Amino acid sequence: MCSRDCCSGQTGKPGNSCADKKKGKGLSDEEKIVPTPQSLLYPYEVIQEIADFIVKGSGMRPRIGIICGSGLGSLADIIQDAKVFEYEKIPNFPVSTVEGHAGKLVVGNLEGACVMAMQGRFHFYEGYPLAKCSMPVRVMKLCGVEYLFATNAAGGINPKYMVGDIMLMHDHVNMLGFAGNSPLQGPNDPRFGPRFPALVNSYNKDLINKALEIGKAMGIESNMHVGVYSCLGGPTYETIAELKALRLMGVDAVGMSTVHEVITARHCDMKVFAFSLITNKCSIEYDDKRDQEANHEEVMAVAKNRQKACCELVSRLIREIHAMPPSGTQAAKTGV
Ligand SMILES: O=P(O)(O)O[C@H]1O[C@H](CO)[C@@H](O)[C@H]1O
């Protein structure tokens with residue numbers, strides 16, 4: 001008997017079990033054109049298999065997960081005693097298709113803490129459903145990760161933001177959610193989290209405050225902000241009218257990622273720290289004479305220039321977390 005929501009109560013009917021559907025047997029025309037709900041793409045057991053592969057393959061049980069934004073892959077290069085998994089070699093893992101996203105998962109030690117870092121994330125515009133884009137966050141959870149560090153390259157809408165500044169995210173506007181899309185769409189598996197997760201206080205205030213202190217100690221406080229990020233579907237950069245609308249909504253920085261990862265992390269009760277590296281200023285006036293069209297080469301170049309500061313911020317924050325006692329039972333597990 002299958003316990004999944006998609007076929008519970010249907011066990012007596014040939015062609016209606018998950019196994020039959022996988023084999024493509026007995027589907028009506030109507031069923032064939034109905035898309036699979038997002039949450040059924042990666043059932044708990046498949047996520048568990050991927051997590052087991054990583055924990056066994058690395059011999060480590062990470063406590064902190066890092067997602068490297070465009071051009072910020074060097075965050076994973078500073079990990080020591082690293083075990084590197086290419087995405088192609090991880091069972092059931094998607095592949096990275098965007099320049100500046102190497103497609104490697106790095107597990108090792110950073111500032112004494114065991115971490116796992118994604119050198120390459122998955123975006124909606126690559127053609128992946130949101131649940132697939134954020135599936136690695138659930139893998140992190142089942143590996144034992146308590147803290148998600150999500151980083152991104154973003155355009156600065158707040159006129160005070162300069163190229164190279166760092167914006168600590170304290171909230172988001174989920175534009176893909178406004179359009180009716182969510183990584184949590186479909187039957188809910190309570191082993192991950194509740195049907196209706198709350199998202200207020202998603203971005204851990206203690207970690208934001210610690211990061212601000214670290215920024216001060218690094219002498220970059222005037223290049224650091226706390227603000228609101230919004231994710232659009234991409235791959236086009238925004239029109240001026242869209243940027244004006246986002247600014248009216250209180251958005252400070254815009255990108256094409258992170259929000260669905262944060263939603264997935266909060267659903268399974270991970271603590272979240274996220275920041276945007278401002279790689280370009282978004283022009284929100286039609287008569288702006290400056291040549292400010294966003295482009296990915298510029299995004300990558302700015303990220304490369306600022307990677308040292310980003311690495312230092314992440315390292316120092318991880319050092320502080322490592323000094324704190326583990327909060328959950330998962331984290332209390334050491335070794336494999
Ligand atoms: O959000 P990350 O992955 O850092 O990348 C940002 O940079 C790319 C556009 O230049 C988009 O993918 C946008 O989301």
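The points below go from the whole chain to the ligand, then to single helices and residues.

1. On provenance, this is a predicted model, in which local features need pLDDT of at least 70 and side-chain atom pairs count only at pLDDT 80 or more, while totals for chains, interfaces and linings use all residues. Residues are numbered from 1 along each chain as its sequence is written.

2. The protein chain comes to 13 helices and nine strands, where helices (H or I, at least four residues) and strands (E, at least two) are DSSP runs numbered from the N terminus. Of its 336 residues, 42% count as buried; a residue is buried if 20 or more other C-beta atoms lie within 10 Å of its own, exposed if 12 or fewer, and partly exposed in between, with C-beta atoms placed from the backbone. Among contacts between residues at least 6 apart in sequence, 81% join residues at least 24 apart, a contact being a pair whose C-beta atoms, placed from the backbone, lie within 7 Å.

3. The ligand is surrounded by 13 residues, of which the closest are Gly69, Ser70, Asn152, Met256 and Ser257; a residue is near a molecule if its C-beta atom, placed from the backbone, lies within 6 Å of it. Strand E5 (147–156) and helix H11 (296–305) each supply at least two residues of this shell. By class, the shell divides into four nonpolar, eight polar and one charged, with Ala, Val, Leu, Ile, Met, Phe, Trp, Tyr, Cys and Pro counted as nonpolar, Asp, Glu, Lys and Arg as charged, and the others, Gly among them, as polar.

4. Helix H10 (residues 259–267) is mostly covered, since nine of its nine residues are buried. Val137, placed in helix H6 (residues 135–143), counts as buried because it has 29 C-beta neighbours inside 10 Å. Leaving aside residues up to four places away in sequence, Val137 touches Leu148, Glu261, Thr264 and Ala265, and the buried residues of H10 include Glu261, Thr264 and Ala265.

5. The axes of helix H8 (residues 205–218) and helix H12 (residues 307–323) come within 10 Å and cross at roughly 125 degrees, the axes being lines fitted to C-alpha atoms over the stretch in contact and the angles running from 0 to 180 degrees between N-to-C directions. That makes H8 oblique to H12, because angles under 35 degrees count as roughly parallel, over 145 as roughly antiparallel, 65 to 115 as roughly perpendicular and the rest as oblique. In this pairing, Leu207, Lys210, Ala211, Ile214, Gly215 and Met218 of H8 meet Ala309, Glu312, Leu313, Arg316, Leu317 and Glu320 of H12, a contact with seven nonpolar, one polar and four charged residues.

6. Several backbone values deserve a look, given that most residues other than glycine have a negative phi, and most peptide bonds are trans. Thr258, in the loop between strand E8 (253–255) and H10, has a positive phi near 70 degrees and is buried, with 26 other C-beta atoms within 10 Å. Asn201, in the loop between helix H7 (175–178) and H8, has a positive phi of about 60 degrees, and it counts as exposed because it has 11 C-beta neighbours inside 10 Å. Just after H10, Asp269 takes a positive phi of about 65 degrees.

Methods
Two residues are in contact if their C-beta atoms, placed from the backbone, lie within 7 Å.
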